[in-house]
Amino acid sequence: MTTESRTRPSRPTTSSLTWPTIAQVGPDPAAVGGIETVIRTYAELLAPHATVRTLPTWRPDARAAGAAPALAALRRLAGLPRGAVVHVHLSHRGAFLREGALVRAAAALRRPVFVTVHGSDFVATSRTGLWRPVYAAVLRAADGVAVLNDGALAAVRRLAPRTPVTLLHNPGPVPADWRPATGAAAAPPTVVFAGEVSHRKGVDVLLAAWPAVLRAVPDATLVVAGPAGGVATDGVPGVRALGAVPPARVRELLGEARAAVLPSRAEAMPMFVLEAMAAGRPVVGTAVGAMPGMLAGAGRVVQPGDAAALAAALVAYLADPAAAGRDGAAGRERYLRDHSPAAAAHHLGVFYGLLGR
């Protein structure tokens, strides 16, 4: 008597799959910004597997161009080959008119169209009489929607109950094989903030908290890197304001610091937190968007606007290098597991329906 050996057919993998053309649609990836960084990172990590097209719809430094970039993106969208996957990146409010029109155009052209909702104000505005019907019309036209936190997940399910929606990690903007020469425990008592120097990012709260940090750790330094956004940093002791810097410089700054800070009042899944995690630096963040989950065991979370709690959390890392090293290492491990290029490419393949989970 013989026994027949049977094996299950293996599922396609990221490397073995024949990928279709994939278009990434949204703000110009050559510009500076969170969504721009996501699009640029997706284009880079998908390039080994697929023909990738980026269809810019606008640039933050070229507002005078008006609707011209979006119209050009629409023409390029119509010229995509049949079967091409269209991935549109939306924030909130006007983006659902501009990029939202491209979602509906792709659906009318019978292209598979997927949406990622990035906006920090998406959940709040999704209940307003002005934006609720606009958001619903766009999301219902998509074949699938990705969101970055549980609040946005619930909002999409309410607005478009028949559209598949999933939590999808943002891709890490830092190569998995990069890391600073020294760990957080060996770094000087420096804290880095990177992002728009604005009220939404909580820079006013950070500056209010900093004198208490200096009283506890007199040699501490706060480095603020990012474009002007309405909050002045002049004259605050122990603060170095650098203005806007390129991504490579942000990585260098993280490698020279013990901790990172992002005291925002509203976020989705901030890319700066991912950069800090990749660098093995603990992050002091706020209980908004995806940050509580991202920083569990890899940082500290305080309520937005609470300067005293923010100062105490920063002092905890600056005064205890071992704690900074431990939480920084946990963050890097999470980055490699959930946000590395290989992980992100697999998550995208599942989202597009090309790969099994």
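Which residue stands opposite Thr-116 of S4? The residue opposite Thr-116 in S4 is His-89, and the strands concerned, S3 and S4, run parallel and are joined by five bridges. The model is a predicted one, in which local features need pLDDT of at least 70 and side-chain atom pairs count only at pLDDT 80 or more, whereas totals for chains, interfaces and linings use all residues. Residues are numbered from 1 along each chain as its sequence is written, and side-chain values use heavy atoms, with hydrogens and water left out.

S4 is mostly covered, with five of its five residues buried, where buried means under 20% relative accessible area, exposed over 50% and partly exposed in between, for a 1.4 Å probe and protein chains only. Both of its faces are covered, Val-113, Val-115 and Val-117 lying on one side and Phe-114 and Thr-116 on the other. The loop between strand S4 (113–117) and helix H4 (122–125) holds His-118, which counts as buried because its relative accessibility is 8%. The side chain of His-118 makes a polar contact with that of His-89 at 2.9 Å; a polar contact is a pair of N or O atoms within 3.5 Å, of which, within protein, one must be able to donate a hydrogen and the other to accept it, while residues adjacent in sequence count only if both atoms are side-chain atoms. Residues up to four places away in sequence aside, His-118 touches Ile-35, Val-38, His-89, Leu-90, Ser-91, Leu-148, Asn-170 and Ala-268, contact meaning heavy atoms within 4.5 Å.

S4 is also one of the elements that cover the buried residues of H5, as are strand S3 (85–90) and helix H3 (95–108). In helix H5 (residues 132–140), the buried residues include Tyr-135, Ala-136, Val-138 and Leu-139.

A further sheet is open and has six strands in the order S11-S9-S7-S12-S13-S14, with parallel pairing. Its edge strands, S11 (239–243) and S14 (299–302), each pair on one side only. Within this sheet, strand S7 (residues 190–194) and strand S12 (residues 259–262) pair in the parallel sense over two bridges, and Val-191 has Ala-259 as its bridge partner in S12. Helix H8 (residues 247–255) lies across S7, S9, S11 and S12 and runs at about 155° to S7, where axes are lines fitted to C-alpha atoms, for helices over the stretch in contact, and angles run from 0 to 180 degrees between N-to-C directions.

The last stop is a contact between two helices. The axes of helix H1 (residues 34–46) and helix H13 (residues 341–351) come within 10 Å and cross at roughly 90°, so H1 and H13 are roughly perpendicular to each other, a term for angles of 65 to 115 degrees, as against under 35 for roughly parallel, over 145 for roughly antiparallel and oblique for the rest. Tyr-42, Leu-45 and Leu-46 of H1 meet Pro-341, Ala-344, Ala-345 and Leu-348 of H13 in this contact.

Key
Helix = DSSP H or I, 4+ residues; strand = E, 2+ residues; numbered from the N terminus. Pairing = 2+ DSSP bridges.
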